[in-house]
Amino acid sequence: MYLKLALFDIDKTIIDKDSMFSFLFYGLRKTPTSFHMFILAGLYAVLYRLNCISAEVAKSAFFSFMKYMNDNDLKHFFNTKLKPHIYRQALEEIRLRKREGYHILLVTASPIAYMKYFEELNEVDGVIGTELLFEKGHYTGTIQGNNCKGEEKVVRIKGYLKEKKITVDYNNSCAYSDSLSDMPMLNLVKQRYIINSNNAAGCEVLKWSN
């Protein structure tokens, strides 16, 4: 196949917030007796800001509530805490690109454990995210493989395309993100868009809101 590709980051690009923090509060409400895990995640966030620990270690603390959840819980989290926060303009853009014949691929640093439900949108062809270890019928908070961020997004995209046997028309493809940390992904394509940021680095700026 030879296709045009439309790549979308998710947190603060398709939805108006960071899903990681939403998941932390969702986990606390579901298992309030695990308040110590909430405190630990906050501590790890501070240590990460101080460059004392890696992003992978900090994120694993945020997702430690995973071990108390099954697929129904994760789908409920998606339906109640993420789906209502999709930017109207993002959904319109995805639908437009789909009508124009693009292959719609969402690529996120957040866990595929709950981001996978974006595939239920009719226009979305695939979702790539950070993998978590799955044991005894539950995800753990432990990241399996690499955090799907920066250059790793490009690695994962190319792996996806190879698996699907898709050849891409990069000159007519496009990519969207809220962050310049996604420049490796944005630089794959000719049409590059930054969402709600004044630091565009040569990308076209789009303003999306709810």
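Predicted model: local features only at pLDDT ≥ 70, side-chain atom pairs only at ≥ 80, totals over all residues.
Local features were taken at pLDDT of at least 70 and side-chain atom pairs at pLDDT 80 or more, whereas totals for chains, interfaces and linings use all residues. Residues are numbered from 1 along each chain as its sequence is written, and side-chain values use heavy atoms, with hydrogens and water left out.

An open sheet is formed by six strands in the order S4-S3-S2-S8-S9-S10, with parallel pairing (strands are DSSP runs of E with at least two residues, helices are runs of H or I with at least four, and both are numbered from the N terminus; two strands pair if DSSP finds at least two bridges between them). Strand S4 (126-130) and strand S10 (204-206) each have a single partner strand and stand at the edges, so one side of each is left without a neighbour in the sheet. Helix H7 (residues 151-164) packs on the sheet and touches strands S2 (5-8), S3 (103-111) and S4, where contact means heavy atoms within 4.5 Å.

The aromatic pairs number 15, counting rings of Phe, Tyr and Trp (its six-membered ring) with centres within 6.5 Å, and classed as stacked for planes under 30 degrees apart, edge-to-face over 60 and tilted for the rest. The ring centres of Phe-78 and Phe-118 lie 4.9 Å apart with planes at 75 degrees, so this pair is edge-to-face. Because Phe-78 belongs to helix H4 (residues 71-82) and Phe-118 to the loop between helix H6 (112-115) and S4, the pair ties together parts that are 40 residues apart in sequence. One aromatic cluster is formed by Phe-8, Tyr-87, Tyr-176, Tyr-193 and Trp-208.

Methods: Axes fitted to C-alpha atoms, helices over the stretch in contact; angles between N-to-C directions.
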